[in-house]
Amino acid sequence: MISKGYSTIAILLAASMAPASINSHFDTGIDGWLSVNVTFPGLTLLGTHTPTWTGSGITDTEFQGGGLFLFAAPAPYLGDLSSYYGGTVSYLLSDTVSDGVPYPNLILRGGGTILYYTTSAPSTSLTNYSFSLTPAGWLKGSGGAPTVAEFQSVLANVDVFAINADWKTAGTDTDGLDEVSVTAVPEPTTLAVMAIGAAALRRRKR
């Protein structure tokens with residue numbers, strides 16, 4: 001027979017195993033991020049550069065002309081991100097210059113399909129962006145909006161997760177990036193387990 005104490009611990013452990021978030025707070029370094037120069041929308045790599053750690057974020061200056069200047073995410077943001085469908089991506093971004101018009105901001109590629117989300121340009125101070133990981137508002141590099149199946153297919157095989165740092169077509173951008181987060185939506189079963197665990201703890205305290 002399982003004791004009440006063990007049951008409570010097991011419940012809380014089961015809840016904690018659910019995927020929560022991927023984060024880059026840049027508290028101790030660049031967290032594996034790179035600056036890259038690519039073609040768009042093909043995303044053929046033209047060059048790479050190591051951004052500068054500011055102590056609370058990263059910054060870099062456009063280092064090569066003729067392509068799109070991006071911040072490229074490291075391994076934790078790549079691979080199978082299926083469990084984050086319905087969740088959000090958020091970050092803080094700044095740029096010293098811009099054309100003052102909307103451009104693709106967040107770019108994902110998976111299974112050969114490119115998705116991007118267009119927004120207005122960031123300001124010279126850190127600007128907050130947040131995107132839902134559902135098809136609404138996204139476009140495909142080949143044109144048109146993705147279906148649910150296409151969006152989920154990309155999330156299942158992400159090999160590019162990049163943030164636009166090129167908001168001026170005839171100028172040199174210097175960008176800052178901080179507080180990148182990919183957050184999942186807890187499944188109903190996870191929420192129920194967490195509620196049961198909390199109730200069990202309250203009963204034990206009484």
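Colleague: Why is Phe71 called buried?

Modeller: The relative accessible area of Phe71 is 0%. Buried means under 20% relative accessible area, exposed over 50%, and partly exposed in between (1.4 Å probe, protein chains only), so Phe71 counts as buried. Phe69, at 0% relative accessibility, is buried as well. This is a predicted model, in which local features need pLDDT of at least 70 and side-chain atom pairs pLDDT 80 or more, whereas totals for chains, interfaces and linings use all residues. Residues are numbered from 1 along each chain as its sequence is written, and side-chain values use heavy atoms, without hydrogens and water.

Colleague: What makes Phe69 and Phe71 an aromatic pair, and of which kind?

Modeller: The structure holds 14 aromatic pairs. In the one formed by Phe69 and Phe71, the centres are 6.2 Å apart and the planes stand at 50 degrees. Rings of Phe, Tyr and Trp (its six-membered ring) pair if their centres lie within 6.5 Å; planes under 30 degrees apart are stacked, over 60 edge-to-face, and the rest tilted. Phe69 and Phe71 therefore form a tilted pair. Elsewhere, Tyr85, Tyr91, Tyr117, Tyr129, Phe131, Trp138 and Phe151 form one aromatic cluster.

Colleague: Which residues of helix α2 are buried, and how do you know where they lie around the axis?

Modeller: In α2, residues 148-155, they are Phe151, Val154 and Leu155. Seen down the axis, these residues fall within an arc of 100 degrees, so they line one face of the helix. The arc is taken from the directions from the helix axis to the C-beta atoms. Helices (H or I, at least four residues) and strands (E, at least two) are DSSP runs, numbered from the N terminus.

Colleague: What does that face pack against?

Modeller: The buried residues of α2 pack against β8 (103-110), β9 (113-119), β11 (138-140) and β12 (158-164). Contact means heavy atoms within 4.5 Å.

Colleague: Which peptide bond is cis, and where is its proline?

Modeller: The bond from Phe40 to Pro41, with omega near 10 degrees. Pro41 is in the loop between β2 (34-38) and β3 (45-49).

Colleague: What makes a space a pocket?

Modeller: On a 1 Å grid over the protein atoms alone, a pocket is an open set of points with protein on both sides within 12 Å along at least five of seven lines, whereas a cavity is a set where a 1.4 Å probe fits but cannot get out; lining residues have an atom within 4 Å of a point. The largest pocket has a volume of about 220 Å³. Among its 15 lining residues, Val36, Val38, Leu45, Ala72 and Val160 are closest to its centre. Volume is the space filled by probe spheres set on the points, which are joined across faces, edges and corners.

Colleague: How does the lining of the largest pocket divide, and which element gives the most?

Modeller: There are 12 nonpolar, 1 polar and 2 charged residues. Ala, Val, Leu, Ile, Met, Phe, Trp, Tyr, Cys and Pro count as nonpolar, Asp, Glu, Lys and Arg as charged, and the others, Gly among them, as polar. β12 gives the most, with 4 residues.
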